[in-house]
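This briefing is intended to be read alongside the structure shown below.

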Amino acid sequence: MKKFIFKMILLVLIVLLISSCVLLFLGYNYYCKSMNEKSLVNRVTDITSGKNFTKFDELSKNYINAVIAVEDHRFYEHGAVDFISIGRAFFVNIRDKELKEGGSTITQQVAKNVCLSQEKNALRKIAEFFASYDLEKNYSKNEIFELYVNTAYFGDGYYGIKQASKGYYNKTPDNLSLEEASMLAGVPNAPSAYAPTKNFELAKQRRSHVLKKMVEYNYISQKDADIIIEK
C-alpha cells in the first residue's frame, strides 16, 4: 500500500513537472513571437520618442512616491518578479476568500503594457515573466518606472502621466501637489472606476488608500495624509 501511494505521488509530481516545463516552453514561445513582431528596443524607442514622454526627473517626488507606495513598494529592492509580494498576495486572497491583492511588480506591468497584449490567459502571464526579466536586464529601474507612467491609462482618453496631469489638473507632472499626485497614482488600477470625472467619491476612496500606503512606507506623515483625507 505504501509503495502504491509513493508511486502515485511520484507520478503526480512527474506530471506536474512535465506540465510546468511545457507551459514554460509555450510561454517563452509566446514572448518570442511577440518580440519577432517588434523588438523590445524598438518598442521602447517608440515610447520614449513620443511627444508626451515624461522623463523620471520631470516627475514630482510626490507622484513617484505615491506610485511606488501603492503599486510596488519594494520596486528598488527586487528583480523582475517579487516572490515575497506574490506569496503575500496569495495568502491574503486565500484568507479573505477574494482577489484583494495582486503580486505584479511595476516591471511586470510594463511588460504587459509594452511587450504583450492585454488578454488574460496563462501563456500571456508566463510570457510576462520572460518580458520582465528582459526589461530588468536592459533598462534601469528609473527607466522602467518611466515606461510605466508613460504607458498607463488614466481614464478619459488620457494615456501617460503628462496627458493625465494636464487633462485633470492643467499642470505638468513635476508640479503635482501631494493631493493631486496621490489621486493620479490610484487611477491606473481601474481607470473606469477611479478616474476623478467618473465617480469622484470612489476616486477619493482610492486616493485615501494611496495616502495610507504612503504613510505605511514612511513617505509622508499621518498628519499630511489626514489633511487631504478629511477634506
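In this predicted model, Glu146 is part of helix H7, which spans residues 141-151. Glu146 is buried but takes part in no salt bridge. The points below begin with its surroundings and then turn to other parts of the chain.

**Surroundings of Glu146**
- The nearest side chain of opposite charge to Glu146 is that of Lys55, at 7.1 Å.
- Leaving aside residues up to four places away in sequence, Glu146 touches Phe53, Thr54, Lys55 and Phe56.

**Helix H9**
- Helix H9 covers residues 178-186 and is mostly covered, with 8 of its 9 residues buried.
- These buried residues are Leu178, Glu180, Ala181, Ser182, Met183, Leu184, Ala185 and Gly186.
- Which helices are included in what covers the buried residues of H9? They include H3 (61-71), H8 (161-169), H10 (191-194), H11 (200-216) and H12 (222-229).

**Aromatic pairs**
- The structure contains 6 aromatic pairs.
- One of them joins Tyr28 and Phe130 in an edge-to-face arrangement, with 5.1 Å from centre to centre and 65° between the planes.
- Because Tyr28 belongs to helix H1 and Phe130 to helix H6 (residues 122-138), this pair ties together parts that lie 102 residues apart in sequence.
- Tyr28 counts as partly exposed, at 40% relative accessibility, and Phe130 also counts as partly exposed, at 26%.
- The ring centres of Phe75 and Phe145 are 6.3 Å apart and their planes meet at 55°, so this pair is tilted.
- Phe75 lies in the loop between H3 and helix H4 (83-96), whereas Phe145 lies in helix H7; the pair therefore ties together parts 70 residues apart in sequence.
- Phe75 and Phe145 are both buried.
- Phe56, Phe75, Tyr76 and Phe145 are linked into a cluster by ring pairs. Phe56, a member of this cluster, is also among the residues that Glu146 touches.

Technical notes. Residues numbered from 1 in each chain as written. Predicted model: local features only at pLDDT ≥ 70, side-chain atom pairs only at ≥ 80, totals over all residues. Heavy atoms only, no water. Helix = DSSP H or I, 4+ residues; strand = E, 2+ residues; numbered from the N terminus. Buried < 20%, exposed > 50% of the residue type's maximum accessible area, 1.4 Å probe, protein only. Lys, Arg positive; Asp, Glu negative; His and termini not counted. Salt bridge = Lys/Arg side-chain N within 4 Å of Asp/Glu carboxyl O. Contact = heavy atoms within 4.5 Å. Phe/Tyr/Trp six-rings, centres within 6.5 Å; stacked < 30°, edge-to-face > 60°.
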